[in-house]
Amino acid sequence: MEKDHQYIFIDFEFTMPEGKVKNGKFFPEIIEVGSIVVVNDQIIDEYSAFIRPEKFPILSERCKNFLGIEQSSVDSGVSFKYLVDKLSSYRTHLPTSVITWGNMDMKVLKQNCQAHNLDFPFNAELVDFAMEYKRFFGDQNQTGLWKAVKEYGKDGVGKHHRALDDAMTTYNIYKLVAKDKKYMEKHEPTTIGDLIDLSKVFNKLA
């Protein structure tokens with residue numbers, strides 16, 4: 001990871017419709033956030049909160065069962081505006097990368113900002129690390145976050161589909177991939193001479 005560069009690892013959980021969306025009215029709202037801010041390999045901020053959905057305030061049974069989030073948790077959560085203000089507070093003079101696993105987090109954030117007539121909080125490089133992971137390993141299909149971690153022989157942090165745990169897991173796999181990239185950049189390709197001790201071959205032929 002670059003020095004004097006700010007990395008924001010972020011994960012959101014969203015509302016889900018009970019079934020098929022009718023009339024195109026429903027759109028996902030952010031109901032949980034987990035964010036980790038890293039500068040010079042040090043975590044300088046961690047944030048976790050439930051967010052109160054305003055357009056469609058009642059969680060579907062599907063959403064509650066899949067995410068394990070109770071209605072009471074989001075009812076007592078912070079407002080979406082508070083969330084945007086919190087994310088805006090990460091703006092700094094340092095170059096910044098916002099890193100998510102997949103592209104849905106930023107898509108939904110932009111959609112939610114538009115619905116609330118609020119400015120998008122980030123003026124930074126947006127990195128879909130699931131896509132970078134796919135390209136790095138040459139996978140045909142995009143890999144799920146926790147599956148990707150297990151491919152490294154590691155375990156995810158905490159509980160899957162809890163925003164802060166997923167953000168921390170993304171941070172951990174980012175560090176693993178960055179370490180591999182650094183090794184591959186420095187490591188010179190093995191030559192035939194490295195693989196074969198030619199002196200032994202010549203001795204046999206003599």
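Predicted model: local features only at pLDDT ≥ 70, side-chain atom pairs only at ≥ 80, totals over all residues.
**Entry 1: the antiparallel strands**

I started with strand β2, residues 30-39. How many of its residues are buried? I got 10 of 10, so I wrote down "mostly covered".

Next I looked for the neighbours of β2. On one side of my list is strand β1 (residues 6-14), which runs antiparallel to β2 and is joined to it by nine bridges. As an example pair I picked Tyr7, whose bridge partner in β2 is Val38. Then I checked strand β3 (residues 42-50), also antiparallel to β2, with eight bridges between the two. Here I noted Ile36, which has Glu46 in β3 as its bridge partner.

I also checked how the chain gets from β2 to β3. The two strands form a hairpin, with two residues between them. In that turn I found Asn40 with a positive phi of about 50°.

**Entry 2: the parallel strands**

Which way does β4 pair with β1, parallel or antiparallel? The answer is parallel, over four bridges.

Val98 has Leu126 in β5 as its bridge partner. Together with helix α4 (residues 104-115), β4 and β5 make a right-handed β-α-β unit.

How covered is β4 (residues 96-100)? Five of its five residues are buried, so the strand is largely enclosed by the rest of the structure. I sorted them by face: Thr96, Val98 and Thr100 sit on one side, Ser97 and Ile99 on the other, and all are buried.

**Entry 3: helix α5**

I moved on to helix α5, residues 129-137, and noted Phe129, Ala130 and Tyr133 as buried. Why do I say they line one face? Looking down the axis of α5, its buried residues fall within an arc of 105°, so they line one face of the helix.

At the start of α5, a side-chain oxygen of Asp128 comes to within 3.1 Å of the backbone nitrogen of Ala130. Just after the helix, Gly138 has a positive phi of about 65°.

**Entry 4: salt bridges**

How many salt bridges does the whole structure have? My search turned up four. I wrote up some of them.

- Arg162 and Glu32 meet through their side chains at 3.0 Å, N to O. This pair links distant parts of the chain, 130 residues apart: Arg162 is in the loop between α6 (145-151) and α7 (163-186), and Glu32 is in strand β2. Is Glu32 buried or exposed? Its relative accessible area is 3%, so I filed Glu32 as buried. Arg162 comes out at 24%, which means partly exposed.
- Lys86 and Asp45 meet at 3.5 Å, N to O. They also link distant parts of the chain, with Lys86 in helix α3 (residues 80-88) and Asp45 in strand β3, 41 residues apart. Asp45 has 22% relative accessibility, so I put it down as partly exposed.
- Lys64 and Glu61 meet at 2.9 Å, N to O. Both are in helix α1 (residues 61-67), three residues apart, which is about one turn of the helix. Lys64, at 22% relative accessibility, is partly exposed, and so is Glu61, at 43%.

Terms used: Residues numbered from 1 in each chain as written. Heavy atoms only, no water. Buried < 20%, exposed > 50% of the residue type's maximum accessible area, 1.4 Å probe, protein only. Pairing = 2+ DSSP bridges. Arc of directions from axis to C-beta. Polar contact = N/O pair within 3.5 Å; in protein donor to acceptor, adjacent residues only side chain to side chain. Right-handed = clockwise from strand over helix to strand, strands pointing away.
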